[in-house]
Amino acid sequence: MSSISAIEYPPFDDLGSAVEQRITGSIDHKKAGTACTRLSYFFKFIEHYKKWDVYLSNDRRVVNDILGRYVVFLLSGFNINNIDIRVGTIKGYLDAINDHYVDNGYDKPYAKDDNSDADKLLR
């Protein structure tokens with residue numbers, strides 16, 4: 001399984017490949033960590049990968065793709081402190097994203113047990 005280093009931002013396609021690898025590898029990523037900014041950190045991710053025009057959507061394919069890659073991004077140590085964070089903390093990030101979507105009139109992009117890539121990765 002390829003590893004994503006938190007030294008520099010990986011290409012968006014590499015994050016997508018890592019989603020599949022981690023799901024099929026059934027890896028447990030429940031590690032210690034810390035909380036950091038949530039919605040603003042997601043915006044930084046969206047800005048870096050230039051996804052402003054598509055991220056806010058009810059299209060499940062688009063949302064699943066972005067959130068799966070974002071979860072791999074977080075699991076790979078990309079956060080303010082560049083350390084591993086707990087699955088529960090990542091779910092907190094996703095809750096903040098859910099609130100943002102609802103506040104803007106869109107469906108929640110993440111729900112536990114929705115069988116999305118993000119959900120599979122966090123299980």
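Trainee: Which residues in α3 meet which residues in α4?
Mentor: This is a predicted model. From α3, Val63, Leu67, Tyr70, Val71, Leu74 and Leu75 meet Ile90, Tyr93, Leu94, Ile97 and Tyr101 of α4.

Trainee: What makes the contact of α3 with α4 nonpolar, polar or charged by class?
Mentor: The count by class is 11 nonpolar residues, no polar and no charged ones. Val, Leu, Ile and Tyr are counted as nonpolar, so the residues listed for α3 and α4 belong to that class.

Trainee: How is the packing of two helices described?
Mentor: By the angle between their axes and the distance between the axes. For α3 and α4, the axes come within 11 Å and cross at roughly 145°. The crossing is right-handed.

Trainee: Why is Arg69 called buried?
Mentor: Arg69 has 11% relative accessibility, and buried means under 20%, so Arg69 counts as buried. Arg69 is found in helix α3.

Trainee: What does the side chain of Arg69 reach?
Mentor: The backbone oxygen of Phe12, at 2.4 Å. A polar contact needs N or O atoms within 3.5 Å, so that distance meets the cut-off. Beyond four places in sequence, the contacts of Arg69 include Asp13, Leu15 and Phe45.

Trainee: How do you know that the span of α4 is close to the expected one?
Mentor: Helix α4, residues 87-103, reaches 24 Å from first C-alpha to last, and 24 Å is expected for its 17 residues at 1.5 Å a residue.

Trainee: What do the buried residues of α4 pack against?
Mentor: Against α2, α3 and α5. Among the buried residues of α4 are Gly92, Ala96 and His100.

Key: Residues numbered from 1 in each chain as written. Predicted model: local features only at pLDDT ≥ 70, side-chain atom pairs only at ≥ 80, totals over all residues. Heavy atoms only, no water. Helix = DSSP H or I, 4+ residues; strand = E, 2+ residues; numbered from the N terminus. Expected span 1.5 Å × (residues − 1). Buried < 20%, exposed > 50% of the residue type's maximum accessible area, 1.4 Å probe, protein only. Contact = heavy atoms within 4.5 Å. Polar contact = N/O pair within 3.5 Å; in protein donor to acceptor, adjacent residues only side chain to side chain. Axes fitted to C-alpha atoms, helices over the stretch in contact; angles between N-to-C directions. Left-handed = near helix turned anticlockwise from the far one by under 90°.
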